[in-house]
Amino acid sequence: MVVISDILVQLGQMALVLLLAPLLTGVVRKIKARLLRRKGPSIFQPYRDLLRLLRKEVVLAENASWLFRVTPYVTFAAIWVAAALVPTFATGLQFNWSADLIAIVALLGSARFFLALAGMDVGTSFGGIGSSREVMIAALAEPAMLLMVFCVALIAGSTQLSTVATFMASSEVGLRVSLGMAMIALIMVALAENARIPVDNPATHLELTMVHEAMILEYSGRHLAMIEFGAFLKLLLYISLIICVFFPWQITTEGAGPLSYLVSVAAYILKLAVASFLLAVFETATAKMRVFRVPEFLGAALMLGLLGTLLRFVSRGF
């Protein structure tokens, strides 16, 4: 019975991230519209968009290979697995043993690799531009992400997310300069990886500036729905990762009762609401930077991760 209950809780977490991912994007869009004194779409509009795309017929280019057809499902599966592995409301779940920070970085890198190849597969100019920009961003974002992982692992003593969340929720952590640098680096990487302002503007489709949208211009129907759903999940994944590592309050431990799980789910949803509000305010108050300044932005994240790691090596007190 214990194993069955653990499996049910794990399946509940996998379903939770699927249900909340489009809602999170809808809430961010709604708050941004309200801040700009517009009514804006409903918070449930992303669900309607996904259903509309699923009903449409897929249009494929004549020279599209099998890679172009498979990529939407591969990217969606990789991001969903990574998002489901992050402890959202409970630690020590059935599959949390595989919830390793380095494994999550590898899953995200695999999804990016297939999407960049698919952008170049048809041979359009916009697809090639988007793929080259995506690889340029990844070349700086992934090292910054790994340095953040090393900094957190040196403090928590593990890269396993359940262990990290349990340690961060304890009183042994305190205020550390290295953790603050790692958190800022992770936030900057999250903005770049999700094509958010100031790196990219998800609300526009300008040919000369777009990154993510340029790679998926040739997709339609259910293929585009899978890619859009993966983008929703990716935003939820990074916010959940920030919450799990740096704000793990009210995360239930293994073997808790149903009431504790409900309280933890409510706390997790509240944290997502706060994060969506902060993201909307930041994007409303910040302008998009030029594409050629993105390496400087990610270079700052890389240096913050490196400084946080070095501080941990130099002084145990930091």
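Trainee: Let's start with K271. Which helix does K271 lie in?

Mentor: K271 belongs to helix α10, which covers residues 258-285. Keep in mind that this is a predicted model.

Trainee: Is K271 buried or exposed?

Mentor: Buried. The relative accessible area of K271 is 17%, and buried means under 20%.

Trainee: What does the side chain of K271 reach?

Mentor: The backbone oxygen of W249, at 2.4 Å.

Trainee: And which residues is K271 in contact with, leaving aside neighbours within four places in sequence?

Mentor: W249 again, plus I243, F247, P248 and I251.

Trainee: Staying in α10, what about F282? Buried, partly exposed or exposed?

Mentor: F282 is also in helix α10. F282 counts as partly exposed because its relative accessibility is 34%. Setting aside neighbours within four places in sequence, its contacts are L191, I197 and P198.

Trainee: How far apart are F282 and A300?

Mentor: Their C-alpha atoms are 18 Å apart. Along the chain, the two residues are separated by 18 residues.

Trainee: Take α9. At what angle do α6 and α9 pack?

Mentor: About 50 degrees, with the axes 7 Å apart. That makes α6 oblique to α9.

Trainee: Which residues meet there?

Mentor: From α6, L161, V164, A165 and M168. From α9, L241, C244 and V245. Seven residues of this contact are nonpolar, none is polar and none is charged.

Trainee: Why do residues three or four places apart point the same way in an α-helix?

Mentor: An α-helix has 3.6 residues a turn, so residues at that spacing point the same way.

Trainee: How many residues has the largest nonpolar core?

Mentor: It has 90. L161 and F246 have the most contacts inside it. Helix α9 gives the most to this core, with 18 residues.

Trainee: Back to the start of α6. What caps its N-terminal end?

Mentor: Q160 does. One of its side-chain oxygens lies 3.0 Å from the backbone nitrogen of S162.

Trainee: Now K234. Where is K234 found?

Mentor: In helix α9.

Trainee: Buried or exposed?

Mentor: K234 counts as buried, because its relative accessibility is 12%. Leaving aside neighbours within four places in sequence, K234 is in contact with I79, L108, E193 and N194.

Trainee: Last one, L93. Where is L93 found?

Mentor: In the loop between α3 and α4. L93 is buried, with a relative accessible area of 7%.

Trainee: What does L93 touch, not counting residues up to four places away in sequence?

Mentor: V9, Q10 and Q13.

Trainee: And how far apart are L93 and A82 in space?

Mentor: 14 Å, C-alpha to C-alpha. In sequence, L93 and A82 are eleven residues apart.

Key
Residues numbered from 1 in each chain as written. Predicted model: local features only at pLDDT ≥ 70, side-chain atom pairs only at ≥ 80, totals over all residues. Heavy atoms only, no water. Axes fitted to C-alpha atoms, helices over the stretch in contact; angles between N-to-C directions. Helix = DSSP H or I, 4+ residues; strand = E, 2+ residues; numbered from the N terminus. Parallel < 35°, antiparallel > 145°, perpendicular 65-115°, else oblique. Contact = heavy atoms within 4.5 Å. Nonpolar A, V, L, I, M, F, W, Y, C, P; charged D, E, K, R; others polar. Core = buried A, V, L, I, M, F, W, Y, C linked by side-chain atoms within 4.5 Å. Buried < 20%, exposed > 50% of the residue type's maximum accessible area, 1.4 Å probe, protein only. Polar contact = N/O pair within 3.5 Å; in protein donor to acceptor, adjacent residues only side chain to side chain.
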